[in-house]
Amino acid sequence: MPTKYVAHRGLSMQAPENTIPAFELAGKAGFWGIECDTYCTTDGRWIVHHDRTVDRMTDGTGIVQNFSFEEISKLNIVSGRQIEQYPGLRIPALEQVLEVCKNYQLHAFIEIELYHHDRNLIDLVALVDRCGMLRQCSFICFNADDLKKVRAIDRDVPLGYLSAGRPSFADLDLVEQLSPAFLDYDYKSASAADIKRLAKLGTKVSMWTLNSRADAMPFIEAGAEYITTDTILT
């Protein structure tokens, strides 16, 4: 099977990351999927943003988790690639991003960052289902316990365990517990030889974040299922 390409926070080398234009550009460029980062607001809405604070990307300041949806929706995005071409950008609600995915038939890698209560995860899965994207998405996370909670909510949605470490036997045990699931590694810590061994075992592997064809090729040749990138590698 050919490697599938995932636009990291949208096509984030051509538009501000995690914004509607970045995701639309990924769709227009023909990506298989997009990756987005999600937080739950104080009033239970899921929004798309990467950092723990809003300081780097917006004209506001503060911890993302501490905002209500109304408060965070009023902030202007003032940073990112080609920002001058995109005035008036706001932090999007997850459902807005999923609508772009539906329009362009993009698979969504939804990274779970932070939330307040376990019921927020139930609401997250229900939201994706209402948007008609539950069978066109994967939930990814660095926290294995969060992935286990999602698996308890839905038995079929693919899950991806994010890791910045070397592949381990514990990773293999986890992916078996979570099945259907895959491992999602930083390309700087997992080698192409590691990925080749995992592929031979039948374990799906995703790699992040590769921004040159030269860096990506060893992992593609080793059998990586997914490559996450900020740019266009094909």
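Student: In this predicted model, where is the place of glutamate 113?

Tutor: Glutamate 113 sits in strand E4, which runs over residues 107-114.

Student: What makes glutamate 113 buried rather than exposed?

Tutor: Buried means under 20% relative accessible area. Glutamate 113 has 11%, so it is called buried.

Student: Which residues does glutamate 113 touch, beyond those up to four places away in sequence?

Tutor: Its partners there are Asp37, Thr38, Tyr39, His50 and Arg52. Each of these has heavy atoms within 4.5 Å of glutamate 113.

Student: Glutamate 111 lies in strand E4 too. How do you know whether it is buried or exposed?

Tutor: Use the cut-off of under 20% once more. The value for glutamate 111 is 7%, and therefore this residue counts as buried. Setting aside residues up to four places away in sequence, glutamate 111 touches Glu35, Cys36, Asp37, Thr38, Ile140, Phe142 and Leu162.

Student: What about aspartate 51: why does it count as buried?

Tutor: Aspartate 51 has 15% relative accessibility, and buried means under 20%, so the word applies. This residue is found in the loop between strand E3 (46-48) and H2. Leaving out its neighbours within four places in sequence, aspartate 51 is in contact with Tyr39, Arg56 and Val64.

Student: Let's turn to arginine 119. Why is it called exposed?

Tutor: Exposed means over 50%. Arginine 119 comes to 51%, so it counts as exposed. You will find this arginine in helix H4, residues 118-130. In space, arginine 119 and glycine 44 are 9.2 Å apart, C-alpha to C-alpha, although 75 residues separate them in sequence.

Student: Why is glutamine 82 called partly exposed?

Tutor: The label covers values between the buried limit of 20% and the exposed limit of 50%. Glutamine 82 has 34% relative accessibility, which means it counts as partly exposed.

Student: What can you say about the phi of glutamine 105?

Tutor: Glutamine 105 has a phi near 55°, which is again a positive value in a residue other than glycine. Its place is the loop between H3 and E4.

Student: What kind of peptide bond joins serine 179 and proline 180?

Tutor: The bond is cis, with omega about 5°. Proline 180 lies in the loop between helix H6 (169-178) and strand E7 (181-186). A cis peptide bond also joins tryptophan 208 and threonine 209, where omega is about -25°. Threonine 209 belongs to the loop between strand E8 (205-208) and helix H8 (213-222). For context, most peptide bonds are trans.

Student: Which residues does isoleucine 195 touch?

Tutor: Not counting residues up to four places away in sequence, isoleucine 195 touches Tyr185, Ala190, Val205, Met207, Phe219, Ala222, Gly223 and Ala224.

Student: Stepping back, how do you know whether the chain agrees with a compact globule?

Tutor: A compact globule of 234 residues would have a radius of gyration near 17 Å; the chain has 17 Å, so the two agree. Its C-alpha atoms fill a box of roughly 50 × 40 × 30 Å along the principal axes, and buried residues make up 54% of the chain. The secondary structure comes to eight helices and nine strands.

How values were computed
Residues numbered from 1 in each chain as written. Predicted model: local features only at pLDDT ≥ 70, side-chain atom pairs only at ≥ 80, totals over all residues. Heavy atoms only, no water. Helix = DSSP H or I, 4+ residues; strand = E, 2+ residues; numbered from the N terminus. Rg over C-alpha atoms; globule rule 2.2 N^0.38 Å. Buried < 20%, exposed > 50% of the residue type's maximum accessible area, 1.4 Å probe, protein only.
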